[in-house]
Each structure stands twice: as C-alpha cells, then as structure tokens.
Amino acid sequence: MSGARTLVVWCPDWPVVAVGADAGTPAAVVSGGRVVACTAAARNAGVRRGQRLRDAQRHCPALDVHAEDPQGEARRFEQVAAAVEVFCPRVEVVRPGLCAVPARGPSRYFGGEQVVVDLVRDAVAALGVDCAVGVADGVFAAALAARQEPAGAAGAGVVVPPGATAGFLAPHPVSTLGVAQVRPETAATRAEADALVELVGLLVRLGIRTLGEFAALPAGDVLTRFGTAAAAAHRLAGGLEPRPPATRPPGEDLGASMTLDPPVEQSEPLVFAAKSLADRLHSDLAARGLACVRVEVEVATEDGRRRSRLWRHDGLLSSRAVAERVRWQLDAWRTGEPGDPDALVGGVVLLRLAPDQIVADAGRQLALWGQNMVDDRVERAVTRVQTMLGHPAVTRPVLAGGRGPGEQVLRVPWGDRLEPRLPADGPWPGRVPDPAPAVVPPSPLPAVVTDESGRVVSVSGRSEVSSPPAWLTVADGSPVAVTGWTGPWPTLEHWWDAVLARRRARFQLATADGRAWLLLVDRSRWLVEAAYD
Amino acid sequence: MPVLPALRSLLPGLRRGQAVSVDEVGALATALVAGASENGAWCAVVGLPEYGVLAAARSGVSLDRLILVDDPGERWAEVVAILLDAVEVVVLRPPARPSVTEVRRLSAFARRHGAVLVVAGVPWEGAQVRLRVVSSVWTGLGDGHGHLRSRRVRVVAEGKGRPRAEWLWLPGPDGAPTPAGLATVDDHEPVVELSVAG
C-alpha cells in the first residue's frame with residue numbers, strides 16, 4: 001500500500017533555533033563533544049553536523065556553543081505543533097523539529113493541498129519560526145519534499161502529486177533514508193539509528209547509491225539478506241509506508257471511572273471496584289496498542305472534595321497491582337494526622353483511574369535470568385513506605401566522584417534514575433585515603449581543637465599548623481586527648497567559580513577513647529566531617 | 001545467613017528471625033550484615049542518616065541491594081514492620097528509647113517473616129545476641145604524619161552461652177574486616193601504635 005497523503009512541517013536546525021540562537025550568527029548545539037546542529041552562518045564557515053567541537057571551532061573561532069537541551073526542544077516545538085493543529089487536528093510529532101499530519105481531510109476542507117500548505121506556513125511563520133513544508137505519499141517522502149524547498153525563500157512548499165512519490169524519491173541518495181527518524185535517545189532508538197547507518201554504508205559499498213536503485217531490488221531478497229529493518233527501509237525507498245502514523249484523535253478519554261451510590265466507606269469494596277476499573281483501563285489501552293507511564297487515582301467524597309495522586313505505571317503493573325496502590329492511597333489519606341483538614345472522611349462517591357502520558361506499547365523483554373528486575377516483594381514494600389513518608393524518604397545509594405567522604409555518595413530517591421554528575425572512577429588527586437569512614441554525618445558537626453596550652457589550633461595560608469593538636473571537643477561533648485594526628489591536607493576546590501570556591505584543610509585525628517576523626521578546617525572553623533568507628 | 005569469615009568465631013551466622021544488638025552504629029554493624037548482603041540478601045538501613053555507605057561498600061555490602069530510610073520519623077516502627085516483611089536484614093537505630101510493646105512487636109515480626117533485625121546504638125531487650133566493642137586502637141597515624149590505616153578492636157559477643165571475644169581488624173588494611181590473631185599482627189607492615197583504650 002502506498003503511503004497516505006501526508007503533510008510534513010520541518011523546522012531546519014531546530015536544536016539551534018530552540019536554544020534561541022539567531023540564524024545570522026554562527027552558533028552550534030553540541031552533545032558529547034560533537035556538533036548536533038548549527039546555524040546557516042556556521043555552516044557557511046565550514047561547521048558540519050557530527051563534527052568534533054574542536055574542529056568546528058577551528059573552522060569558525062567565533063562559534064557560539066550551546067549544550068543540547070532535549071526537553072527545551074520538545075517544549076518549544078509544542079508551540080509549532082499547536083499552530084499546525086489549528087488546521088489539521090491530528091498532529092504527530094516525529095521528533096522536535098519535524099511533525100506530520102494526514103493531508104487528505106484538511107485539503108478537501110480548505111480546497112486543495114496548496115491552500116493548506118500556505119495556511120500552515122503562515123501560521124508557523126507568525127510564531128517567528130522558519131519552516132519548510134512538503135506534501136507527498138507518506139511521512140518519509142513528505143519530509144524529503146520539505147527539504148527540497150529552498151531555504152529562507154518565501155517558497156510555496158513542495159507538493160509531490162499523488163502516485164508520483166516513487167519517481168520523486170528515486171534520484172535521492174540512500175543516505176537520506178534517516179530523515180524522518182525519531183530522535184535517537186533511548187537504547188532502542190539509538191540501536192535503530194546505528195543499524196540504519198550501517199545499512200547505508202553497506203549499500204554504498206555494494207554500489208547501490210540512490211533510493212531508486214535500492215527500491216529496484218526484489219523485496220524478498222532484501223528481507224532475507226539484510227533483515228526486517230532493511231526491509232522497512234526498502235519499503236520507504238519505494239514510496240510505501242513502513243508504518244501508519246500513530247495519531248490519536250484529541251480529547252479521547254481513556255480513563256475509567258465508577259460512580260458509587262450509596263457512598264462507600266470501607267476500603268474493601270473500593271479496592272474491588274478499583275480492580276475492575278484497572279481491568280477496563282488496561283484492556284482499553286491494550287486495544288489501542290498503548291501503555292501509560294503513570295496512572296492517576298482520583299477519589300471524590302460526599303463533601304464534594306476531590307483528591308488525586310499519580311502512580312508510576314510504565315505499562316508494567318497488573319490490575320491487581322493498580323488496585324493495591326488504590327488501597328494504599330486510601331489508607332494513607334484516611335490515616336492522616338488527627339485533626340488534619342486534608343484527611344479523607346466520609347463515604348467515597350466517585351473513583352476514577354486515568355492514564356497519564358500515553359505511549360505506544362513497544363512490549364518488553366525481560367532479562368534472561370531476571371538480573372535487572374528488582375524483587376517484586378521489595379518493590380512493594382518500598383512503595384508502601386514511600387506512601388507513608390513521601391517519595392524522597394526512601395533512597396538507594398550511588399557512588400559518585402568527589403574528595404570528601406560525604407561527596408562520594410549520592411542518595412537517589414527510590415524509583416528515580418539519576419546519574420552522578422561527576423564520575424566515581426576518575427582520578428581524584430587529594431581524595432582522602434582509604435579506609436573510608438563508617439560514620440558520615442549528613443552535615444559536618446562543629447568541633448574545637450586546642451593545643452596543650454588551651455589555644456585553638458590554626459592553619460596558616462602556607463599550610464603550617466600553629467601548634468600540635470592536643471585536645472578535641474566535638475559539638476557539646478567533653479574534651480578528649482589527641483593521641484595521633486596528621487595533616488593539614490590542603491584542598492582548593494572549584495577555584496574557577498566564585499560561589500563554589502573553597503579553600504580548606506583536612507586533618508585525621510586519633511583520640512584516647514579509641515576513635516578516629518576526619519576534621520576539616522574551613523575559614524579557621526573546625527568541623528567534624530566523619531568518624532572512623 | 002552467612003556472616004563474613006572474620007566474624008565466624010564470634011557468631012556462626014545470622015539466624016533468620018533473630019534480633020542482634022550492636023553497641024556502635026559504625027563499622028561493626030556494617031560488618032555484621034556484609035556477609036548476608038554479599039550472598040544476595042536485601043538490606044534496609046532505617047534511622048541512620050550518617051551511615052557510611054562508602055565504608056559499607058568496601059566491607060562487602062552490595063549497594064544494589066541496599067535501601068536507606070534516613071528519617072522514618074514518628075512511624076519508624078511501622079516502617080520497620082513493612083520492611084521486615086520484604087528484605088532479609090534490617091539495620092535499625094530507633095529514634096529514642098523504644099517502648100516494650102514496640103520491641104516485642106518488632107521482634108515477633110522478625111521471627112514471623114524470617115528476617116534479621118540488627119539494632120545499633122540503643123539497647124534492645126529482645127536481642128538474642130549482643131555485640132560490644134571493648135577495646136579499639138587505630139594504627140597508621142604519627143605525630144603530624146602518616147594516615148589512618150586500620151583499627152584493631154576486641155569484640156565481645158554475649159548470647160545464651162559463654163561470652164565469646166575476638167580480636168579483629170575493623171576495618172582491615174584493605175577496608176574489609178579481617179581476623180587479627182597474633183600471627184596477623186606480625187605479618188602486618190610495621191605501623192606506629194599510638195593509642196590504647198579500654
């Protein structure tokens with residue numbers, strides 16, 4: 001089947017546009033040391049996508065460098081999508097910078113594809129965003145058509161007539177196969193992008209340089225020789241559709257709700273109702289091939305109040321598991337502090353489960369031996385504790401980079417994914433030597449270190465100790481004799497940053513009560529950073 | 001559940017359903033659960049915001065199976081009860097002196113779910129085994145030079161039978177607890193012993 005008529009709006013160099021760079025000045029967006037996108041001015045100076053930042057700056061020393069901001073790109077593109085949606089309600093955002101709409105309906109309503117193209121162009125231009133529009137059979141051909149439009153000119157869009165798509169595609173090089181790809185950000189999409197790059201390289205080595213030549217190969221042979229991904233690319237090259245656009249009519253309510261009359265006080269019937277609601281919700285989603293990232297539990301009581309709470313779902317929870325979360329939530333709301341105005345009192349009149357953030361259900365593959373799966377029992381218990389104490393109260397430790405013992409561990413709330421900002425295995429000159437202290441207070445405790453004559457020991461700017469430490473007093477405790485000491489170990493951290501910069505010195509002290517301490521002198525104040533017992 | 005080899009002479013293993021009390025919150029409590037954690041048990045640490053995670057990792061606790069609840073607040077007993085149902089070992093420091101009913105309830109919970117409750121820093125009536133550090137010496141520090149290397153401790157385990165005592169390196173030179181018999185002391189590189197405490 002050849003692709004349905006599709007209109008594609010393409011905003012060139014979207015990552016640079018989204019960070020607010022002006023097309024007239026050389027600017028680039030960089031990720032992992034390589035250029036992801038650049039402005040026309042930078043391109044004229046010799047900057048290319050995929051180039052290393054160092055090379056790009058050699059070509060264009062005045063280059064304005066921005067870090068990649070995927071969330072910002074998506075957020076700003078939402079405005080463009082909303083502007084397009086005014087004319088064609090079923091917008092599919094392929095990736096920030098590229099969106100597609102089925103063209104057949106709007107073109108019949110407005111009286112021709114060319115009219116729709118002009119309307120969309122004007123609407124997007126009114127936002128101050130430069131865009132190109134193409135219409136063809138299928139998203140891929142339409143995206144290529146949009147790229148044909150001369151940049152910057154007040155063009156009229158490129159409309160490939162119905163049925164002429166295969167001919168339009170034929171002269172294009174095979175390397176254009178990736179133009180309508182989703183953004184390679186997850187492992188699965190990245191693997192897909194890599195597979196396509198590999199396929200293109202292979203085709204070129206085999207002497208197949210244009211889409212027309214690729215499309216001329218028999219489909220069966222392409223499938224058996226190169227696999228399913230190549231077969232999809234082969235269909236694209238022939239002007240066919242690899243998959244229909246996954247659009248959803250706006251405003252469709254996939255939530256499931258139940259009105260309870262008479263109002264229900266006990267948890268049991270509510271949990272039972274929640275189970276059947278969850279069944280309905282899951283089957284509705286499954287029938288559309290969708291999954292939800294979160295599920296919202298909403299409860300309305302007799303006194304007219306509504307409460308709701310989001311639970312992470314990821315398409316992984318069974319109906320029983322959802323019902324169990326409803327039970328915990330009800331328990332948590334009911335057993336608030338006595339006299340708490342937010343406590344749930346009275347009967348429940350409405351129970352509603354609504355999916356939040358719908359995604360296509362790609363299915364999931366469990367690890368062969370289940371290594372990556374957190375024990376179900378543990379997961380359940382932790383979620384219950386989180387209901388009682390709040391999400392950040394339960395954490396799991398992650399090792400991070402740093403010099404002091406407190407900096408080397410991050411406590412990440414359970415269920416969140418957080419990569420440490422600094423790598424743990426990098427070289428950290430000046431790191432406190434092993435063994436690691438067993439007691440690390442969340443914030444350093446005040447202390448006083450004095451010498452034999454009772455004067456506070458100080459450290460000079462040249463790292464000289466005024467006199468050997470003899471007595472240590474921690475917080476409000478009584479003084480303990482120092483039996484061994486070492487230091488100062490000066491550290492000058494973040495000297496390039498006026499706010500974070502600190503110049504400190506560390507000491508290790510052993511005291512007569514058999515304990516050992518890691519102390520810190522910061523602006524002539526002594527602090528206990530950790531204890532070694 | 002197994003314990004680290006260095007601790008075997010003090011207690012042969014952690015029995016499921018047992019409550020153990022430890023007098024200090026630091027290295028000894030960590031060393032006690034490291035053996036179980038190495039062998040695939042999940043551990044939860046409740047009410048210890050100063051828990052030294054890095055030291056725990058060095059002594060063998062698996063960070064992938066470690067849950068931290070730093071501040072359980074007023075409902076700590078309920079939190080521990082929920083966790084005892086799910087994980088194998090719970091290390092707990094009760095916020096204040098726990099009431100007799102709470103002690104009894106949690107001990108019963110541990111017994112019923114076959115989990116080990118390690119109570120650190122606070123006396124616990126229901127403990128079958130009590131571990132205490134009676135002597136501790138840090139080595140490696142000079143007078144303005146050197147750095148801390150290891151600590152030689154004498155740990156006493158009191159239970160039903162005769163109390164048992166053992167010398168340990170806690171932590172040892174490589175961060176993990178090791179037995180400190182006289183032979184080990186001789187093998188150990190010459191260090192300056194500076195402090196002795198009872």
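These questions and answers walk through a predicted model with chains A and B.

Residues are numbered from 1 along each chain as its sequence is written, and chains are lettered from A in the order in which they are written. Local features need pLDDT of at least 70, side-chain atom pairs count only at pLDDT 80 or more, and totals for chains, interfaces and linings use all residues.

Q: Which residue in β6(A) stands opposite V8(A)?
A: An open sheet of five strands in chain A has the order β5-β6-β1-β7-β8. Within it, β1 (residues 5–10) and β6 (residues 98–102) of chain A pair in the antiparallel sense over five bridges. The residue opposite V8(A) is A100(A).

Q: What residues have the most contacts inside the largest nonpolar core?
A: A nonpolar core is a set of buried Ala, Val, Leu, Ile, Met, Phe, Trp, Tyr and Cys residues joined through C-beta atoms within 7 Å. A residue is buried if 20 or more other C-beta atoms lie within 10 Å of its own, exposed if 12 or fewer, and partly exposed in between; C-beta atoms are placed from the backbone. The largest core has 104 residues. Those with the most contacts inside it are L83(B), V90(B), V91(B) and V118(B).

Q: Which element gives the largest share of the side of chain B that touches chain A?
A: Two residues are in contact if their C-beta atoms, placed from the backbone, lie within 7 Å. The contact between the chains takes 49 residues from chain B and 43 residues from chain A. The largest share of the chain B side is six residues, and they come from α3(B).

Q: Which residue is the bridge partner of W485(A) in β7(B)?
A: Strand β17 (residues 480–493) of chain A is joined to β7(B) by two bridges, and the two run parallel. In β7(B), the partner of W485(A) is D143(B).

Q: At roughly what angle do the axes of α3(B) and α4(B) cross?
A: Axes are lines fitted to C-alpha atoms, for helices over the stretch in contact, and angles run from 0 to 180 degrees between N-to-C directions. The contact includes A77(B) and V80(B) in α3(B), with L106(B) and F109(B) among the residues of α4(B). The two axes come within 9 Å and cross at roughly 10°.

Q: How many C-beta neighbours inside 10 Å does T395(A) have?
A: T395(A) is found in strand β13 (residues 394–399) of chain A. Among the residues that T395(A) touches are W414(A) and, from the other chain, L68(B). T395(A) counts as buried because its C-beta neighbours inside 10 Å number 20.

Terms used. Helices (H or I, at least four residues) and strands (E, at least two) are DSSP runs, numbered from the N terminus. Two strands pair if DSSP finds at least two bridges between them. Lists of a residue's contacts leave out its neighbours within four places in sequence.
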